Amino acid sequence: MDIRERQAKRRARIEKLWRQRRQRRARIEQYAKDILESHNFRRSGQFMQHGRISVKKHSLCVAECSIIIEEKLKKLGIRCQERDMVRGALLHDYFLYDWHDKYSHEKLHGFHHPYVALQNAGKEYRLSPRERDIIVKHMWPLTLKFPMCREAWIVTAADKYCSLKETLFCRGKG
């Protein structure tokens with residue numbers, strides 16, 4: 001195989017990955033356009049989550065990663081409610097304050113923010129039981145609240161993966 005063939009194959013792989021990403025983003029928008037366009041969700045782009053990643057960007061990454069996990073599970077015959085999963089992923093960190101500022105919240109952020117996120121999301125959106133489970137239990141095992149649905153497990157796993165990646169690889173100056 002010559003260099004042109006290798007380059008063509010590489011370009012094709014990259015194009016396929018971008019196409020898949022656009023499709024996932026379209027599904028996120030399909031299920032959660034109201035969340036994506038809301039003032040408070042857009043405002044979450046001002047608060048830093050991990051490294052240089054905002055809460056908004058982190059939540060979008062968790063939603064996209066959740067879809068990737070769900071696609072792999074679907075191949076194994078395991079299905080879930082994608083709409084609830086995406087909406088729960090977008091709202092799992094809907095605490096709406098700068099957690100790095102110790103005066104912006106009352107209790108230990110890691111333990112308490114799922115309840116604040118649930119309260120904030122509940123004020124703005126009609127939440128399904130699955131969405132509530134995802135939001136309040138995504139910090140398992142730290143909070144000891146055991147996820148009760150597979151969508152909550154998926155978002156919990158996606159959140160851990162994205163958080164680790166953001167913490168390790170998205171450091172440095174803005």
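Helices (H or I, at least four residues) and strands (E, at least two) are DSSP runs, numbered from the N terminus. By that assignment, Ser66 lies in helix H3 (residues 55-75).

The structure is a predicted model, in which local features need pLDDT of at least 70 and side-chain atom pairs count only at pLDDT 80 or more, while totals for chains, interfaces and linings use all residues. Residues are numbered from 1 along each chain as its sequence is written, and side-chain values use heavy atoms, with hydrogens and water left out.

**Confidence.** The pLDDT is the predictor's confidence in each residue, from 0 to 100. Its mean over the protein chain is 86, and 87% of the residues reach 70 or more. Within the chain, helix H4 (residues 82-91) has the highest confidence, at 97, and strand E1 (residues 48-50) the lowest, at a mean of 74. Where pLDDT is low, the predicted coordinates should not be read in detail.

Relative accessible area (1.4 Å probe, protein chains only) defines buried as under 20%, exposed as over 50% and partly exposed as in between. Ser66 has 0% relative accessibility and therefore counts as buried. Apart from neighbours within four places in sequence, Ser66 is in contact (heavy atoms within 4.5 Å) with Met85, Ala89, Ile154, Val155 and Ala158. Ile154, Val155 and Ala158 are among the buried residues of H7, which also include Glu151, Asp159 and Glu166. The expected span of a helix is 1.5 Å times one less than its number of residues. For the 20 residues of H7 (residues 150-169) this gives 28 Å, and the end C-alpha atoms are 28 Å apart, in agreement.

**Aromatic pairs.** Rings of Phe, Tyr and Trp (its six-membered ring) pair if their centres lie within 6.5 Å; planes under 30 degrees apart count as stacked, over 60 as edge-to-face and the rest as tilted. The count by this rule is 4 aromatic pairs. Two of them are tabulated here.

| Pair | Centre distance | Plane angle | Class |
|---|---|---|---|
| Trp140 and Phe146 | 5.8 Å | 90 degrees | edge-to-face |
| Phe146 and Trp153 | 5.1 Å | 80 degrees | edge-to-face |

Ring pairs link Trp140, Phe146 and Trp153 into a cluster. Trp140 is partly exposed at 26% relative accessible area, as are Phe146 at 47% and Trp153 at 32%.

**Ser128.** The loop between helix H5 (109-124) and helix H6 (129-137) contains Ser128, which is buried at 17% relative accessibility. The side chains of Ser128 and Asp84 are joined by a polar contact of 3.3 Å. A polar contact is a pair of N or O atoms within 3.5 Å; within protein, one must be able to donate a hydrogen and the other to accept it, and residues adjacent in sequence count only if both atoms are side-chain atoms.
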